[in-house]
Amino acid sequence: MQICRTKQEIRALTRRWRAEGRSIGFAPTMGYLHEGHLALVRRARAENDAVVVSIFVNPTQFGPNEDFDSYPRDPERDLRLLRAEGADAVFLPDAAEMYAPHAQTFVEAERLSRILIGRLRPGHFRGVATVVTKLFNIVGPDAAYFGEKDYQQLTVIRRMVADLDVPVRIVGVPTVREPDGLAMSSRNVRLSPEDRAAAPVLCRALDAAEARAARGPVSVEALRRLIRETLEASPRGRDPRVDVRAADDLSPLRGALRRPAVALISMRFGDVLLIDQRVIRPADQENAP
């Protein structure tokens, strides 16, 4: 496994692979890897000739009062895990390598970046779309792999790739969960024992909404209310945010659930913001592909 710390190094490597006719799969991460990240690597490994993983805690997607400095980091552990998974290369730049001192150009999917988590974290998705665009330009992959847990992020990236004609296939990989249902996240290690025990309420709320939709006709508002009531019953969580939107483009939904929807939720446990999601289908579409 080759470790590249500069744009020049990773570009030279992927240029050689492309000249050899090898397809390149890419998994962008912020490190502190868990099974959710490794699922991306395995999917990329199964579908491509070569796999690149980036590890970069991107400062432009953190607000001034967010957890950039405390975001967990352990690059040596990450590299051991990636060697075991058969990654071919790791791009491990620092901020000075990724951003010019007086950069003025940013990428933003305007509507998608300013709703839901984007409303809660202004500028977050502009930072995400910008760094992903840069990484695509640097690595030049054929396919890129993102977890469905960050559903709004995945939707933003798909929109950005379509709008800018970026020649990269975007692959969503299902959320990987702990045995008690909590979606795997690098932030989970920062939960207190009490908050960690309470956090699976996120998954239980989504389970309840999915089960209700499976029983028969239901309104979008009833699903929102059910999710919120389940979250608010938790004594540890605070500031629950709930929305149910169209699964394909995150447009608002009202009235009866007639098309696939995605339930998007967030909640704070202590100073840790956790998110989760679930695609919910109307009862008559449950087994549709």
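**Close-up views of salt bridges**

**View 1. Glu108 is a partly exposed residue, with a relative accessible area of 31%.** Partly exposed denotes the range between buried (under 20% relative accessible area) and exposed (over 50%), computed with a 1.4 Å probe on protein chains only. The partner shown is Arg114, which forms a salt bridge with Glu108, and the closest N and O atoms of the two are 3.2 Å apart. A salt bridge here is a side-chain nitrogen of Lys or Arg within 4 Å of a carboxyl oxygen of Asp or Glu. Arg114 also counts as partly exposed, at 49% relative accessibility. The model is predicted: local features need pLDDT of at least 70 and side-chain atom pairs count only at pLDDT 80 or more, while totals for chains, interfaces and linings use all residues. Residues are numbered from 1 along each chain as its sequence is written, and side-chain values use heavy atoms, with hydrogens and water left out.

**View 2. Asp67 and Arg187 meet through their side chains in a salt bridge.** The N to O distance is 2.9 Å. Asp67 lies in the loop between strand S3 (50-55) and helix H3 (75-85), and Arg187 in the loop between strand S6 (169-173) and helix H9 (193-198), so the pair ties together parts that are 120 residues apart in sequence. Helices (H or I, at least four residues) and strands (E, at least two) are DSSP runs numbered from the N terminus. Asp67 is buried, at 12% relative accessible area, and Arg187 is buried at 15%.

**View 3. A network of salt bridges links Asp67, Arg187, Arg190 and Asp271.** The Asp67 and Arg187 pair of the previous view belongs to this network. For the structure as a whole, the number of salt bridges is 26.

**View 4. Arg177 and Asp276 form a salt bridge between their side chains, at 2.8 Å from N to O.** Arg177 is located in the loop between S6 and H9 and Asp276 in strand S9 (residues 272-280), so the pair ties together parts that are 99 residues apart in sequence. Arg177 is partly exposed, with a relative accessible area of 24%, whereas Asp276 is buried, at 3%.

View 5. The side chains of Asp276 and Arg177 are joined by a polar contact of 2.8 Å. A polar contact is a pair of N or O atoms within 3.5 Å; within protein, one must be able to donate a hydrogen and the other to accept it, and residues adjacent in sequence count only if both atoms are side-chain atoms. Leaving aside residues up to four places away in sequence, Asp276 touches Arg177, Ala183, Leu202, Cys203, Leu206, Ala263, Leu264 and Ile265, contact being heavy atoms within 4.5 Å.
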